[in-house]
Amino acid sequence: MMSLLRTVDEGRPSDGVGHISWADNNSTAFARLVDLYLRPGMTVADPTFGKGVFWKEVDVEQFDLLATDLATDGVDARALPYEDESLDALVFDPPYRYVERRTVAGHTDEQYRLSESLRFEQRPGVDGVLDLYEQGIAEAARVVKLGGFVFIKCQDTAGDGKQYWIHLSVMEFCEKAGLTPVDLMVVVTASPPPTRWKVQRSLRKAHSYFVVARKGGFYPFGYKSVQRREPGEGE
């Protein structure tokens with residue numbers, strides 16, 4: 001455990017305050033998280049690699065990157081071929097936008113491969129997406145080392161007159177699996193996904209999230225205080 005502490009917590013940039021909590025695209029957002037939380041030489045799995053969009057601004061040569069995808073490699077993020085506590089970090093980006101087939105062609109079920117990813121052994125619609133998150137996060141918690149990180153991409157949505165706060169559900173699934181949410185990156189786009197609705201009932205979601213969770217929580221893997229506590233504070 002001590003060697004992992006040194007790998008994760010030492011060697012950080014001296015200023016340590018350069019990264020902000022939002023970006024206007026996934027690759028920039030993810031690169032900031034990688035720079036902040038990961039270190040060269042780490043073993044990182046991305047079982048939802050796809051076309052590698054997240055990694056475009058990252059020097060992947062500095063990591064032992066296990067890049068797979070259900071569609072191309074047959075590796076299911078819910079049943080990973082890795083030993084318990086064998087990875088330093090894992091990236092989980094499931095097809096989180098449930099879109100019905102009658103929606104515009106640019107956002108069909110075929111594009112997001114939701115039927116294949118869920119295999120419809122579970123509940124349909126948003127409930128099926130939540131099942132996918134819960135099972136994938138539980139598996140991530142199994143394969144990540146104590147002190148390791150899991151990066152989870154998600155987006156809130158609305159349907160049938162109901163708001164689904166997916167990022168809150170993701171955090172609950174993390175806590176249930178023994179992962180503590182430690183950070184949140186917001187990705188804001190100028191072009192929100194299309195919708196088939198003709199009458200607007202709620203704000204369209206032009207943002208998504210990276211939830212950063214850590215196995216083992218903050219303590220004893222947190223940072224030392226850099227601000228002197230005044231007498232009587234916190235008592």
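Conventions. I number residues from 1 along each chain as its sequence is written, and side-chain values use heavy atoms, without hydrogens or water. In this predicted model, local features need pLDDT of at least 70 and side-chain atom pairs count only at pLDDT 80 or more, whereas totals for chains, interfaces and linings use all residues.

Entry 1, helix α6. I took helices (H or I, at least four residues) and strands (E, at least two) as DSSP runs, numbered from the N terminus. Helix α6 covers residues 125-143, and its end C-alpha atoms are 28 Å apart, in agreement with the 27 Å that its 19 residues should span at 1.5 Å a residue; the expected span is 1.5 Å times one less than the number of residues. I find 14 of the 19 residues buried, so α6 is largely enclosed by the rest of the structure. Buried means under 20% relative accessible area, exposed over 50%, and partly exposed in between (1.4 Å probe, protein chains only).

I searched the whole structure and found 6 salt bridges, each defined as a side-chain nitrogen of Lys or Arg within 4 Å of a carboxyl oxygen of Asp or Glu.

E134 belongs to helix α6 and K176 to helix α7 (residues 166-177), so the pair ties together parts 42 residues apart in sequence. E134 is partly exposed at 25%; K176 is exposed at 65%.
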